[in-house]
Amino acid sequence: MSLLLFLFYWIGIPVLLISAAFWIWRQTATPLARGAVVGLSIAALLGLLWLAAGEKWLADRQVRELCAKDGGVKVYETVRLPPERFNKYGLLRIPDKRNAKSGDEYYTEWNTQILTEGNPSIRRDHFLLYRKSDQKLLGEAVSYARLGGDMPGPWHGSSFRCPDRADDVSLERRVFQQFGRS
């Protein structure tokens, strides 16, 4: 089905528009009318381009503006731990609050808020890292993302996220440090 939509949007509509414009252009006799046909045809093709990509561009701009306001990683306290607590990638196994066991020292929360529904959609991801013993917030990361907004086709939908390094892994790497590292 997506291949048919792709062919219709990217080939069928422009060919129909150009064919209709050429037919009307041939039916008109005056240079002013022919110029109007050409101008309206170009405007219609640009309008189709705007429908294809304009909303996505606007959503990306909105995501950048939201990122500038409160996106990024904020560390309130760093925790120094021995190297044996970290895996080979330099990370700890920190569970989500719902999956935290009684012996876990830290837990995370991940809140997602849909700011704009539809295609494209805009969402806000908020990662929080807590120490379980005193419920202290050690750090948080906020990122925004645009999902979708592409013309139908056989490809996977696109997305845009900013800032690049404002997720749970980046937050963990900035809060937890190994002994002997700064």
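Reader: What is the handedness of the link of cysteine 67 and cysteine 162?

Author: In this predicted model, cysteine 67 and cysteine 162 form a disulfide with their sulfur atoms 2.0 Å apart. A disulfide is a covalent bond between the sulfur atoms of two cysteines. The angle about the S-S bond is 130°, and the link is right-handed.

Reader: How many residues apart are cysteine 67 and cysteine 162?

Author: Cysteine 67 belongs to helix H2, residues 31-70. Cysteine 162 belongs to strand E6, residues 159-162.

Reader: Is cysteine 67 buried or exposed?

Author: A residue counts as buried when its relative accessible area is under 20%. The relative accessibility of cysteine 67 is 10%, so cysteine 67 is buried.

Reader: Is cysteine 162 buried or exposed?

Author: The cut-off for a buried residue is again under 20% relative accessible area. Cysteine 162 has a relative accessible area of 12%, and therefore it counts as buried.

Reader: How many residues does the largest nonpolar core have?

Author: Val79, Leu81, Tyr106, Leu171, Val175 and Phe176 are the residues with the most contacts inside this core. Strand E2 (79-81), strand E4 (121-131), strand E5 (136-147) and helix H3 (168-175) each supply at least two of its residues. The size of the largest nonpolar core is 15 residues.

Reader: How many residues are in the other core, which lies apart from it?

Author: Among the residues of this other core are Ile122, Val142 and Tyr144. Cys162, which forms the disulfide with cysteine 67, is also one of its residues. This core has 8 residues.

Key:
Residues are numbered from 1 along each chain as its sequence is written. This is a predicted model: local features need pLDDT of at least 70, side-chain atom pairs count only at pLDDT 80 or more; totals for chains, interfaces and linings use all residues. Side-chain values use heavy atoms; hydrogens and water are left out. A nonpolar core is a set of buried Ala, Val, Leu, Ile, Met, Phe, Trp, Tyr and Cys residues joined through side-chain atoms within 4.5 Å. Buried means under 20% relative accessible area, exposed over 50%, partly exposed in between (1.4 Å probe, protein chains only). Helices (H or I, at least four residues) and strands (E, at least two) are DSSP runs, numbered from the N terminus. A disulfide is a pair of cysteine sulfur atoms within 2.5 Å.
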